[in-house]
Amino acid sequence: MEIEKHLAELAQADPQARRTALENALTAEGLTPEIQECEADERRKAARNYLLYTADKDTKGPLFCAHYDAHPGSTGANDNAAAVCILIALAKELQQRKIPATIAFFDGEESGHSGAKLFEDGRKREVSCVVNLDMCGYGDTIAVYARGSENRAGARTFCAKERLDAHHGELVKYMPEGDNVCFTTRRQPVVSIAVMPRWDTKYLTAMAAQGMGLLGRSPEFKMMLGEMEVASTMHGGFRDAIKWVQPEAMQMLYDYLLDAMTTPPPAKKLFGILFRHLVILLLRLRWLLLFFILLLIFILVLFVFLLVLLLLLLI
């Protein structure tokens, strides 16, 4: 299927029309979702999620997710209809190949992550990795943020340098939060993926260095976020419209995801594994090492002192 096939029908400002368009798109591609919904309560707003299982439901695999709602008043073409289109195509291909994965289209990301919270509260199955797609239709670079989990089993296939190099990808040290925040409490890798102009990844590096102060994000942080070109494609920005979505950007991400699901990551080099474990061991033993270093210095100073004292006595 053409990667942007359902983009026009999904990019609608009316929430109900958007939901109906998603249902129609899934039906048109022969995909039958499991519907998960809840009424509003004190924790979240009402939500309706659509879940797909590409193989045996009980087989462990990654969870791919994207929110299908849009910022109020926006058609949400890049934020986030483009990612929804990519996941529809990926679900169809993985289902045909019988490759296990869970595909989730979440409601309510723009209103407190109500759909993701609903899914996570009711989830009993473990997944190998959570892969959240947001803003995936504008730019020339795939930005991947794994929160230090790059070498963990579930995430490594998406973070391997060889794969990223082959698909114009780059590991980044920060990504604006999305539904991914709902999955960080479990012991599982969580990977956030977006597409953006390469220069924007430099802003992400600078923003990561800012950290979080006691009073929240600094004015400089907010200024850098506003300067990013991709920021104009989200939350109702002027580029969050169909005419700005680039099918080649969507195809680039689809090819990368399919490659990650069908080709195992390169084997780890033995030297790299040993070096990494050595570094971890040294970090864990750093206080003990510091104690022995200080003890060695003390003994050396004491020896010199006694030697000088002995020389003085002999004189």
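This is a predicted model: local features need pLDDT of at least 70, side-chain atom pairs count only at pLDDT 80 or more; totals for chains, interfaces and linings use all residues.

Q: Why is helix α2 (residues 15-28) called roughly parallel to helix α3 (residues 77-97)?
A: The axes of α2 and α3 cross at roughly 15° and come within 11 Å. Angles under 35 degrees count as roughly parallel, so α2 is roughly parallel to α3.

Q: Which residues make the contact of α2 with α3?
A: On α2 they are R18, L22, A25 and L26, and on α3 they are D79, N80, A81, V84 and I88. By class, six are nonpolar, one is polar and two are charged. The crossing of α2 past α3 is right-handed.

Q: What describes the packing of α3 with helix α9 (residues 247-262)?
A: The axes of α3 and α9 are 10 Å apart, at an angle of about 35°. This crossing is right-handed. Residues in the contact include A82, C85 and I86 of α3 and M250, L253 and Y254 of α9. The contact of α3 with α9 has 12 nonpolar, one polar and two charged residues.

Q: What makes strand β3 (residues 63-67) largely enclosed by the rest of the structure?
A: Buried means under 20% relative accessible area. Five of the five residues of β3 are buried, so the strand is largely enclosed.

Q: How do you know that both faces of β3 are covered?
A: L63, C65 and H67 lie on one side, F64 and A66 on the other, and all are buried.

Q: What makes β3 and strand β4 (residues 102-106) a pair?
A: Pairing needs at least two bridges, and five bridges join β3 to β4, so the two strands pair. They run parallel, with L63 opposite T102 in β4.

Conventions
Residues are numbered from 1 along each chain as its sequence is written. Side-chain values use heavy atoms; hydrogens and water are left out. Axes are lines fitted to C-alpha atoms, for helices over the stretch in contact, and angles run from 0 to 180 degrees between N-to-C directions. Helices (H or I, at least four residues) and strands (E, at least two) are DSSP runs, numbered from the N terminus. Angles under 35 degrees count as roughly parallel, over 145 as roughly antiparallel, 65 to 115 as roughly perpendicular and the rest as oblique. A crossing is left-handed if the near helix is turned anticlockwise from the far one by less than a right angle, and right-handed if clockwise. Contact means heavy atoms within 4.5 Å. Ala, Val, Leu, Ile, Met, Phe, Trp, Tyr, Cys and Pro count as nonpolar, Asp, Glu, Lys and Arg as charged, and the others, Gly among them, as polar. Buried means under 20% relative accessible area, exposed over 50%, partly exposed in between (1.4 Å probe, protein chains only).
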